[in-house]
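Colleague: Could you take me through one part of this model up close? I would like to hear about a single covalent link and then about whatever surrounds it.

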Amino acid sequence: QVQLVESGGGSVQAGGSLRLSCVTSVDAYKVTCMAWFRQASGKEREGVASIFLQDTSTYYRDSVKGRFTISRDSAKNTLYLQLDSLKSEDTAMYYCAIRSGPNPYICRHMSDIDFKHWGRGTQVTVSS
């Protein structure tokens with residue numbers, strides 16, 4: 001059974017930082033793309049950052065470029081998201097997700113319907 005468990009969320013003031021972690025139980029060879037999504041109250045879920053494991057290419061939505069960094073520790077089966085220079089509009093539930101499949105474009109596009117396995121999320125709240 002595939003499990004993804006997020007942690008690291010919390011409440012911070014604008015300009016602060018957090019580091020999210022996602023521990024996965026799936027065999028690494030089955031995963032080609034790992035991603036972070038977020039969903040703010042009353043809004044649709046959106047892709048934040050992803051990493052295509054075959055060549056370690058990383059992708060970010062425009063609003064977080066230069067502030068968020070996605071990374072992975074394969075030895076620990078853990079995906080990270082470093083959140084710096086946080087803004088109130090970053091407030092949301094953050095989810096990690098994984099998918100298989102060879103297409104890097106799908107990883108870059110970060111559409112939630114293309115990801116099969118999800119964690120339960122960790123809340124990030126940024127106060128201004």
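Modeller: Let's take the disulfide that joins Cys22 to Cys96, with an S to S distance of 1.9 Å. Please keep in mind that this is a predicted model. The torsion about the S-S bond of Cys22 and Cys96 is about 45°, so this disulfide is right-handed. It links distant parts of the chain, as Cys22 sits in strand β3 and Cys96 in strand β9 (residues 92–99), 74 residues apart. Are its two ends buried or exposed? Cys22 has a relative accessibility of 0% and therefore counts as buried. Cys96, at 1% relative accessibility, counts as buried too.

The count of disulfides comes to 2, so let me bring in the other pair for context. Cys33 is joined to Cys107, with an S to S distance of 2.1 Å. Here the torsion about the S-S bond is about 80°, so the disulfide of Cys33 and Cys107 is right-handed. Cys33 lies in strand β4 (residues 33–39) and Cys107 in helix α1 (residues 104–109), so this pair ties together parts that are 74 residues apart in sequence. Both Cys33 and Cys107 are buried. If you count the bonded cysteines along the chain, the pattern of the disulfides is 1-3, 2-4.

Now back to β3, the strand that holds Cys22. Where does β3 stand in its sheet? The sheet is an open one of 4 strands, in the order β1-β3-β8-β7, and the pairing is antiparallel. At the edges stand β1 (4–7) and β7 (68–73); each has a single partner strand, so one side of each is left without a neighbour in the sheet. From one strand to the next the twist averages 15°.

The pairing of β1 with β3 can be followed residue by residue. The two strands run antiparallel, β3 covers residues 18–24, and 4 bridges join them. Val5 has Val23 of β3 as its bridge partner, while Leu4 has Thr24 of β3 as its partner. In a regular strand the side chains alternate between the two faces of the sheet.

Thr24, the partner of Leu4, deserves a stop of its own. Thr24 belongs to strand β3, and its relative accessibility of 8% makes it count as buried, because the cut-off for buried is under 20%. What does Thr24 touch, once its neighbours within four places in sequence are set aside? The contacts of Thr24 are Gln3, Leu4, Met34 and Asn77.

Asn77 lies in the loop between β7 and β8 (78–83). With a relative accessible area of 27%, Asn77 is partly exposed. Its backbone is worth a look as well. Most residues other than glycine have a negative phi, and most peptide bonds are trans. Phi of Asn77, however, is near 50°, a positive value in a residue other than glycine. Ser85 is a further case: phi of Ser85 is near 50°, again positive in a residue other than glycine. Ser85 is found in the loop between β8 and β9, and it is partly exposed, with a relative accessible area of 41%.

Finally, let me place all this in the whole chain. The secondary structure comes to 1 helix and 11 strands, and along the sequence the pattern reads β-β-β-β-β-β-β-β-β-α-β-β. The radius of gyration is 14 Å, close to the 14 Å that the globule rule gives for 128 residues, so the chain is as compact as a globular protein of that length. Along its principal axes the C-alpha trace spans about 40 × 25 × 25 Å. Buried residues, Cys22 among them, make up 41% of the 128 residues in the chain. For contacts between residues at least 6 apart in sequence, 60% join residues at least 24 apart.

Key. Residues are numbered from 1 along each chain as its sequence is written. This is a predicted model: local features need pLDDT of at least 70, side-chain atom pairs count only at pLDDT 80 or more; totals for chains, interfaces and linings use all residues. Side-chain values use heavy atoms; hydrogens and water are left out. Two strands pair if DSSP finds at least two bridges between them. Axes are lines fitted to C-alpha atoms, for helices over the stretch in contact, and angles run from 0 to 180 degrees between N-to-C directions. The radius of gyration is taken over C-alpha atoms; the globule rule is 2.2 Å times the number of residues to the power 0.38. Buried means under 20% relative accessible area, exposed over 50%, partly exposed in between (1.4 Å probe, protein chains only). Contact means heavy atoms within 4.5 Å. A disulfide is a pair of cysteine sulfur atoms within 2.5 Å.
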